[in-house]
Amino acid sequence: MFERLTKDARAVIEGAVEHAWSGGARTVDAGHVLLALLDSEGSRASFALSALGLAQTRDAVRESVGEARRRAGLTRAEADALAGLGIDVGEIVARVEEAHGVGAMAGDLGSPGWRGGGRPRFGRGAKDVLERALRVALGRGERCVGGEHVLLALTVLPGVAGEVLADFGVTFEGVTRLCPPAHSTRTAEK
């Protein structure tokens, strides 16, 4: 899989690992991948994010991802569903943070910059993003996975990253319009 990643996609993955590592996270998740995409420059994905207005709202996107981490990775839809059952996620977060400190539910290992125990491993969410990015690339007739494929994967997968992108108006259709397939690698049918 990694041999199919373009230079831009590799930089995004390395950036996701850095975001997880510097935040003390045990695993790289889809939110870290989104944060790394926001940091990328000069790629098709960064062009699309800029054209869709995320360059101007980068801090708000980071804040939204951070708030979801504080809720132990629950999306707002999941928190709302729990509220329907009488469970106030905000109250639970407040109580846990009161007892254990801000960000205690994020699943991080400790303070930012924690380096003990090695680099974070890829969690299910990050693996799902990479698998879906490969499927998107192949479905578009492309052999390599670029940052735009990673972005497209984030827009269709359930979870915090997809919810945040949708909140800011980034959709699969919008990214596809800005990043059409580069070229087809399929052979012509006879």
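1. **Ground rules.** This model is predicted, so local features need pLDDT of at least 70 and side-chain atom pairs count only at pLDDT 80 or more, while totals for chains, interfaces and linings use all residues. Residues are numbered from 1 along each chain as its sequence is written, and side-chain values use heavy atoms, with hydrogens and water left out.

2. **Overall layout.** The chain has 10 helices and 2 strands, taken as DSSP runs numbered from the N terminus (helices are H or I, at least four residues; strands are E, at least two). Along the sequence they are arranged as α-β-α-α-α-α-α-β-α-α-α-α. Of the contacts (heavy atoms within 4.5 Å) with a separation of 6 or more, 69% join residues 24 or more positions apart.

3. **Helix H8.** Buried here means under 20% relative accessible area, exposed over 50%, and partly exposed in between (1.4 Å probe, protein chains only). The buried residues of H8 pack against H1, H2, H3, H7, H9 and H10. For the chain as a whole, buried residues make up 38% of the 190 residues.

4. **The core.** Which residues touch the most other members of the largest nonpolar core? They are Leu151 and Leu154, in a core of 43 residues. H2 gives the largest share, 7 residues. A nonpolar core is a set of buried Ala, Val, Leu, Ile, Met, Phe, Trp, Tyr and Cys residues joined through side-chain atoms within 4.5 Å. Leaving aside residues up to four places away in sequence, Leu151 touches Leu37, Ala45, Ala48, Leu49, Leu165, Val170 and Val175.

5. Ala133 lies in helix H7 and is buried, with a relative accessible area of 0%. Its C-alpha atom is separated by 5.0 Å from that of Ala153, 20 residues apart along the chain. Beyond residues up to four places away in sequence, Ala133 touches Val145, His149, Val150 and Ala153.

6. Ile92, found in helix H6 (residues 89-100), is partly exposed, with a relative accessible area of 37%.
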